[in-house]
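Please look over the fold and the pockets of the model shown here. The report starts with the pockets and then turns to the sheet.

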Amino acid sequence: MSTSTVSFDVPSPRGPQPVTVSYTRAGSGAPLLLLHGIGHHRQAWDPVVDILAAERDVISVDLPGFGVSPGLPDGLAYDLATTTAVFGAFCEALELDRPHVAGNSLGGLLALELGREKLVRSVTALSPAGFWTLAERRYAFGVLLSMRRIAERMPLPLVERLARSAAGRAVLTSTIYARPSRRAPEAVVAETLALARATGFTETLRAGTSVQFTKDIPDLPVTLAWGTRDWLLVPRQGVRAKAIIPRARLVRLPGCGHCPMNDDPALVARVLLDGSR
């Protein structure tokens with residue numbers, strides 16, 4: 001898969017602002033948009049893309065300011081309203097008529113907001129942000145900030161050396177993966193660099209301090225899925241999410257961490273395919 005880019009305008013108080021988003025596309029069938037979490041990149045979905053592409057037109061994106069997508073221009077905030085508008089415009093630019101959408105963590109929150117705005121056909125959210133208590137949010141943000149600082153300060157040769165062993169991959173990624181030894185060494189290096197170099201990280205995290213998802217999403221299929229070993233956004237948040245979105249299907253992902261796509265690709269792919277039928 002080669003990386004493509006698309007540019008489009010997004011409204012702002014200063015007038016339309018140009019935004020560029022990088023993405024890959026594979027497969028055929030109903031379109032399925034994949035959104036990653038804060039500090040990650042579209043390659044987080046690589047373990048499930050080939051499975052999904054057998055039945056779906058899979059579009060994996062780098063959020064603005066993450067991966068190889070440029071940051072947002074001056075005048076556009078990294079808040080939920082702006083990012084929702086960005087992906088509404090992204091779908092228009094690619095002529096995607098209300099695609100299915102799946103997201104993890106921050107991407108799960110964005111997927112739910114796209115669903116609330118009726119811009120998509122279905123939503124599958126894996127450990128979505130926004131269903132935390134104040135203490136849980138402070139804990140999660142503290143962990144994310146620590147991960148970012150470590151990634152920024154760690155020399156590349158050390159990252160590469162750690163990634164070559166299962167124990168080293170656990171040091172680098174056990175916060176988000178329950179089974180870090182399954183992650184390929186080159187993938188661990190790439191995502192550590194993506195976290196360190198994410199130009200949108202600080203502003204996105206700052207905007208997240210005011211986020212709390214409190215509204216139902218009626219008349220739209222919604223699947224909520226939580227790994228039983230998610231230590232970042234703990235599984236009890238899924239119970240709260242189900243109470244807020246009572247028609248949603250709540251799925252348990254045994255043995256999976258915060259980013260379950262790598263921990264159990266077959267299970268996660270099945271949940272995504274079921275959620276987008």
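## Largest pocket

Six helices each supply at least two residues of the lining of the largest pocket: helix 2 (80-93), helix 3 (106-116), helix 4 (134-153), helix 6 (166-173), helix 7 (185-197) and helix 8 (201-208). Helix 4 gives the most, with 6 residues. The model is predicted: local features need pLDDT of at least 70, side-chain atom pairs count only at pLDDT 80 or more, and totals for chains, interfaces and linings use all residues. Residues are numbered from 1 along each chain as its sequence is written, and side-chain values use heavy atoms, with hydrogens and water left out. Helices (H or I, at least four residues) and strands (E, at least two) are DSSP runs, numbered from the N terminus.

The space in the largest pocket is about 710 Å³. A pocket is an open set of points on a 1 Å grid over the protein atoms alone, where a 1.4 Å probe fits, with protein on both sides within 12 Å along at least five of seven lines; lining residues have an atom within 4 Å of a point. Volume is the space filled by probe spheres set on the points, which are joined across faces, edges and corners. The lining has 45 residues, and Ile 38, Gly 39, His 40, Leu 144 and Leu 195 lie nearest the centre. By class it holds 30 nonpolar, 13 polar and 2 charged residues. Ala, Val, Leu, Ile, Met, Phe, Trp, Tyr, Cys and Pro count as nonpolar, Asp, Glu, Lys and Arg as charged, and the others, Gly among them, as polar.

## Second largest pocket

This pocket has a volume of about 160 Å³. Its lining includes His 41, Asp 62, Arg 197 and Ala 198. The classes are 5 nonpolar, 3 polar and 3 charged residues.

An open sheet of 8 strands has the order 1-2-4-3-5-6-7-8, with mixed pairing. Strand 1 (4-10) and strand 8 (249-253) are the edges, each pairing on one side only. Two strands pair if DSSP finds at least two bridges between them. Strand 7 (residues 222-227) runs parallel to strand 8 over 5 bridges. There, Gly 227 stands opposite Leu 253.

## Strand 4

Strand 4 is largely enclosed by the rest of the structure, because 6 of its 6 residues are buried (under 20% relative accessible area, 1.4 Å probe, protein chains only). Arg 56, Val 58 and Ser 60 lie on one side, and Asp 57, Ile 59 and Val 61 on the other. Strand 2 joins strand 4 antiparallel through 4 bridges. Strand 3 pairs with strand 4 in the parallel sense over 5 bridges.

Terms used. Buried means under 20% relative accessible area, exposed over 50%, partly exposed in between (1.4 Å probe, protein chains only).
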